[in-house]
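Dear colleague,

I am handing over the structure that follows, together with a short account of what was found in it.

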Amino acid sequence: MTDTPSYDTMPPSQGSYLSVPASPTHQRQHSRRSRSRRHSISETPDEQTSLLRSSRSHVRIHSPLDTPRGYLSRNHSFAGTSHGARYHNRHESWGQRLIQALSDRQDPMAESKGSLLADDRIWYDQFTSTDWVHDSIADAYRVKRLRSRKDFWGRLIVLLDGAQGWILSAVVGFLVAVLAYCVDVAETTIFDYKDGYCARGWYLREKRCCPHGPCTDWRTWSEVLGGHPFGEKWTEFGVYLIAVLILSVSACLLTLTTKTVVPSAYRMSTLDENLAADYSQAPADNDHEEDDNISPREIRPAFIDAPPPMVYYSAAGSGVAEVRVILSGFVLHGFLGFKTLIIKSVGLILSVASGLSLGKEGPYVHIATCIGNICCRLFSKYDRNDGKRREVLSAAAAAGVVVAFGAPLGGVLFGLEEVAYYFPAKTLFRTFFCCIVAALSLKFLNPYGTHKIVMFEVRYKIDWEWFELVGFILVGILGGAAGAMFIKASRRWALSFRKWPLIKKYPLVEVILVALVTALVGYWNTLTKLPVAKLLLNLAAPCTDDSRDDELGLCPSNIDEIPGIIRTLLAAFVIKGFLTTITFGIKVPAGIYVPSMVVGGIMGRIVGHLVQWIVLRFPHWSIWGTCPLLQESTCVQPGVYGLIAAGSTMCGVTRLSVTLAVILFELTGSLDYVLPFSLAILVAKWTADALEPLSIYDLLTNMNAYPYLDNKHKPMFTSQLADIVPRVRHERVIDITTSPLVPATQLRSQLDILHRAGELDGGLPIVRDGILVGLIPAPDLEYALDNLEDESSSLCLMANVPNIDEEESEEERDPTDFTPYIDPAPVALDIKSPMDLVYECFAKLGLRYICVLKDGHYAGMTHKKRFVKYVRELEEKGHDS
């Protein structure tokens, strides 16, 4: 296919159809404005007309809500209503907003492009990016309108408006703690059902039923069934196996109900390997989409070569990667809805209770963000502005970490280090407030029955010795290497096993197989059968801690017992590592935080017992000092090594650093061990980065081809903007050189080309004599075209012109006047601009696109998704070299 000639050299004949004069067949809605426009056409405008010439349309026309029309949020669309009804329904009472907040109005299928009516208005479509600048300007108009009132009630309204953010933070923190309490209590109770039930209360878990140890109130299933039909031992195993299968399958079936089908019209290319979404063919290069004129709003004919739709399950996995992408300004409809919240919460209870090698801490972040998104619907300030909404979502995500680990400071740092894309000081303080509210609420609810907010609490009363620094560094290296190897194994598993047609087509089959393997392999090992949180507690607890389980036999009384303990730990390490690898990515709510910590904790415990054995075997070495004489088992505490290795492995998987050090400190409450924790995590991150440059969430983001631009890791650029600017085509440009009136049919055709190319959030630049004079975003152009009464015969005004009807009322606004939707000052850079400047514009300003100029003339436009693709290719080349 040959390239289309550059627009700068396009013959005049190609653009001559733009100068069709108004005729009786092209009826204008208002004759007065039609006459004034015809008079203005004869004038010779220059390239600065839309910016400097005074006219009625110079300032963006406000809607009845005094909001710039071009800046309305996607929540301003109401399907199936007339224009008048749509504007009327925007003024809702607070009670109505409460009811609507609990309704799952972000049903992804309801917002599918193939089923929308022509009157719908979706400002932020599925798989598009948020325009941060426009949202900021919209909020500035809103604040200015509020502050225009200087009376008492005006000042009170301003005060209440400022308090909305704090109210939302408090409500979100409290609700996150309540939901976490429900999940914790239900999960631990159902988990024990696999072994038996409490005779004096079926709703009591084993620890509550027998708080002081084994008792007659707790009845095992072998006792209930009388040892039939396979004997006591095998009957218990049979019931355990059936329970694991039932719980896992139930969690999977619930997750599959959140299936979201993205039509091929979205042209969302994905390289997924079944970690989060289903595979679909990569579409053709967007630069060659020339003759496809089918609008996504129309029912797409069934072409044989049409790419299949992309499918993802919003309740599957942990959701942290998607939350991170959403907070960066990427739209995933339904992912934070009420339906997803309920299904993920219930599915999480079932999946964790099944005993699979997964955790609930990662999904807590997703669940908390869902709560934050739903609560935003209570206040229009956050509901109708995606930029403001993400401030609340950042605080909610941090609250999820608080209820997961009981670490309020760690939650704030998690929001800053991992998920938040824009984190100003105001958001930081509000996030801290939300985390404190969540922590206080959780302490009041007391889900663990210990009056503590931490998942488990360990205290190390013996200080570490200097010679142990070598062991801590070794544990950090092993933990970082284990985390990097887990990422590589997860990628390999996805590329091999999940490529099988049966597994890809029926996700439930994989869940059944993983559940069978987990029950068959994990049941016979006393360590792997335990819940992951309880196992981690026993691995990290010192031998003097009463909270540990003595029956596990992890504390040797003499040197002869250490080899047996190491053998048990080695078997558990192999089993748990294998189960964690095959479990990650299945279609159930599942986290990776605690399972990775458990694998690392087992490894660290092995190292700790080896150091302990060496000290006992050679007690007279002067390097030990008085350590061998301190206790029967020496001063070496294997639990310390276990907890340090747990944090190091989690660091290798997630690449969290400062957050993990603070979380470990809050779990132990020991200032003495802050230095070993920090040192091991530093070494772990260096090791993991050297072996595998991507974290587990970077892997998910790349394999699902989300347009996520990492603002924390800037690539090394040596190129210019010209390297990513596509050739200019006349189909992608609105030329008003000969006339500011453009046929609506032409605009519709150009809009359809953008849609077919997947640029739902793109735009069409407006040029006059080769000079860029404005840009109309694709969503705004679609909305304006849909409001035309007769699209086939309408001429649309695309530039500001002198108007004799300056006092025309708002009710007589001409729908063919598209100037209110035009951005008169789009961000533009010279084609020779360094790529570092382009990166800063996209990452810091949150732009969707950047116009490109060459010698002052329009030379093209590059989209954020194109830049992200370029950055990924650049990084892949760097990794390969």
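This is a predicted model: local features need pLDDT of at least 70, side-chain atom pairs count only at pLDDT 80 or more; totals for chains, interfaces and linings use all residues.

Of the 881 residues in the protein, 58% are buried, and its secondary structure comes to 30 helices and 13 strands. Among the contacts in the protein with a separation of 6 or more, 79% are between residues 24 or more positions apart.

The place I would like to show you is helix 20, which spans residues 532-540 and is mostly covered, with seven of its nine residues buried. Those buried residues are Val532, Leu535, Leu536, Leu537, Asn538, Leu539 and Ala540, and they pack against helix 21 (562-583), helix 22 and helix 23 (638-654).

With helix 22 (residues 593-617), helix 20 packs at an angle of about 30°, the two axes lying 9 Å apart. Angles under 35 degrees count as roughly parallel, and helix 20 and helix 22 are therefore roughly parallel to each other. The crossing in which helix 20 passes helix 22 is left-handed.

On the side of helix 20, the residues that meet helix 22 are Val532, Ala533, Leu535, Leu536, Asn538 and Leu539, while helix 22 brings Val594, Met597, Val598, Gly601, Ile602 and Arg605 to the contact. Sorted by class, this contact of helix 20 with helix 22 has nine nonpolar residues, two polar residues and one charged residue.

With kind regards

Key:
Residues are numbered from 1 along each chain as its sequence is written. Side-chain values use heavy atoms; hydrogens and water are left out. Axes are lines fitted to C-alpha atoms, for helices over the stretch in contact, and angles run from 0 to 180 degrees between N-to-C directions. Helices (H or I, at least four residues) and strands (E, at least two) are DSSP runs, numbered from the N terminus. Angles under 35 degrees count as roughly parallel, over 145 as roughly antiparallel, 65 to 115 as roughly perpendicular and the rest as oblique. A crossing is left-handed if the near helix is turned anticlockwise from the far one by less than a right angle, and right-handed if clockwise. Contact means heavy atoms within 4.5 Å. Ala, Val, Leu, Ile, Met, Phe, Trp, Tyr, Cys and Pro count as nonpolar, Asp, Glu, Lys and Arg as charged, and the others, Gly among them, as polar. Buried means under 20% relative accessible area, exposed over 50%, partly exposed in between (1.4 Å probe, protein chains only).
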